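User: I'm new to this one and would like a short tour. Could you take me through it step by step?

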Amino acid sequence: MFENKSINELFAKVQQAFETKKPFVVYRQPDSDFVKGFFQTNNDLYNTKDYLDSGFVFAPFDTALPSILFPISESQLYTAKFINTFFKDNQKDLSLVSNLESSKASHIVLVEDGIKFLEKNNYKKVVLSRKQAIPATEFNLVETFKKLLGSYNNALVYCWFHPKVGLWLGATPETLLKVHKNTFATMALAGTQVYIENKNSSIDDSDYNDVKWEAKEITEQKHVTDFILEQFEKSGVLNDFRVSKPYTTKAGNLLHLRTDISGELSPELTLKNIINLLHPTPAVCGVPKQEAKDFILQNENYNREFYTGFLGELNLAGTSNLYVNLRCMQLIKNTIEIYIGGGITNDSNPENEWEETVAKSKVMLKVL
Ligand SMILES: C=C(O[C@H]1C=CC=C(C(=O)O)[C@@H]1O)C(=O)O
């Protein structure tokens, strides 16, 4: 399906497609050595409504808007091995971020309004976000993508472009859904703390069992697990499922709480059904889902577009690998817009929620 290339040939194709304004996506799935790419052979904008098509899907947060597809039948597919060379941390100074103080003031008001909304209605959670502009006069697409690949091994790292939509890049730690034949896997990911080198690195670097979590984060993450399990139970068409204990996982400079959920699907359940059950999960929206979504659409004073939507391989040889579009950014003229948010509960502290978005923004700032 994917033709082999050298990584430099693949990067040259990316550069050429971007310069000549042709649609493409290049991506590397978590813990894989291979970068894959779809290069669409025309400039049409295709949608998928039923998720029965084969290709690469790029879906917005708001399901009322269309999901974009690079159809396999209209694309050239390439793959290349990426050898990870140590990427030197080149942390951009936060002082380069424009309007930090006014962004802080408006985010704090948004979080306070979110807490009032939860208290008044006795709701559990709402995820509130913002975008942050960074001047990008010297932006180099291939170099930025290489840095993302080199920095975030266990993320889905991608660069997606369509001349009628724009350029998006990201390194997301969150799987929305993996379906292979009649098996599925998803995760409940939420709760954040900053990873501190000496405090958090134990004997085995991949084992963060000793990390302590506050009640707010434990509850915030449990809402996501409960929601996913309730949705599947409600659907009544799951044959069997397995649920892990919540555990700590590292994503760049951050730690999150994660529960893995997997199982078997019965044949009546289509991919569209499962996507509708899950998306948007309370990792990016809230509980109850519709009320939280309405609050987000009415109160966040910007458009999330594809942030907190989902993206990935759709029906490739019986397999779909979809990820939630987090830790992402968009190039708009000479500015990079970074998208960041966090889960708000009754126990949230607005100042801490602001700091959490700043910590999350560093995932992207590091590669700019
Ligand atoms: C909404 C985001 O992260 C979600 C995923 C993991 C942890 C989260 C949190 O702790 O709030 C969020 O639910 C984001 O990165 O913009």
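User: What is the mean pLDDT of the protein chain?
Analyst: The mean pLDDT of the protein chain is 93, and 93% of its residues reach 70 or more, where pLDDT is the predictor's confidence in each residue, from 0 to 100. This is a predicted model, in which local features need pLDDT of at least 70 and side-chain atom pairs count only at pLDDT 80 or more, while totals for chains, interfaces and linings use all residues. Residues are numbered from 1 along each chain as its sequence is written.

User: Which residues come nearest to the ligand?
Analyst: Thr-192, Ala-283, Gly-341, Gly-342 and Gly-343 come nearest, out of 17 residues around the ligand, and a residue counts as near if its C-beta atom, placed from the backbone, lies within 6 Å of the molecule. Two or more residues of this shell are given by each of β8 (125-135), β12 (183-194) and β20 (335-344), with strands (E, at least two residues) and helices (H or I, at least four) taken as DSSP runs numbered from the N terminus.

User: How does that shell divide by class?
Analyst: The shell around the ligand has 7 nonpolar, 7 polar and 3 charged residues, where Ala, Val, Leu, Ile, Met, Phe, Trp, Tyr, Cys and Pro count as nonpolar, Asp, Glu, Lys and Arg as charged, and the others, Gly among them, as polar.

User: Switching to helices, at what angle do α2 and α8 cross?
Analyst: The axes of α2 (residues 100-121) and α8 (residues 350-365) cross at roughly 125° and come within 9 Å; axes are lines fitted to C-alpha atoms over the stretch in contact, with angles from 0 to 180 degrees between N-to-C directions.

User: Why are they called oblique?
Analyst: Angles under 35 degrees count as roughly parallel, over 145 as roughly antiparallel, 65 to 115 as roughly perpendicular and the rest as oblique, and α2 and α8 are therefore oblique to each other. Their contact residues divide into 4 nonpolar, 2 polar and 4 charged.

User: Where do the cis peptide bonds lie?
Analyst: One runs from His-279 to Pro-280, with omega near -10°, and Pro-280 sits in the loop between α6 (271-278) and β16 (286-287). Another runs from Val-287 to Pro-288, with omega near 0°, and Pro-288 belongs to the loop between β16 and α7 (289-299).

User: What is phi of Thr-308 near?
Analyst: Phi of Thr-308 is near 65°, a positive value in a residue other than glycine, and Thr-308 lies in the loop between α7 and β17 (310-316).
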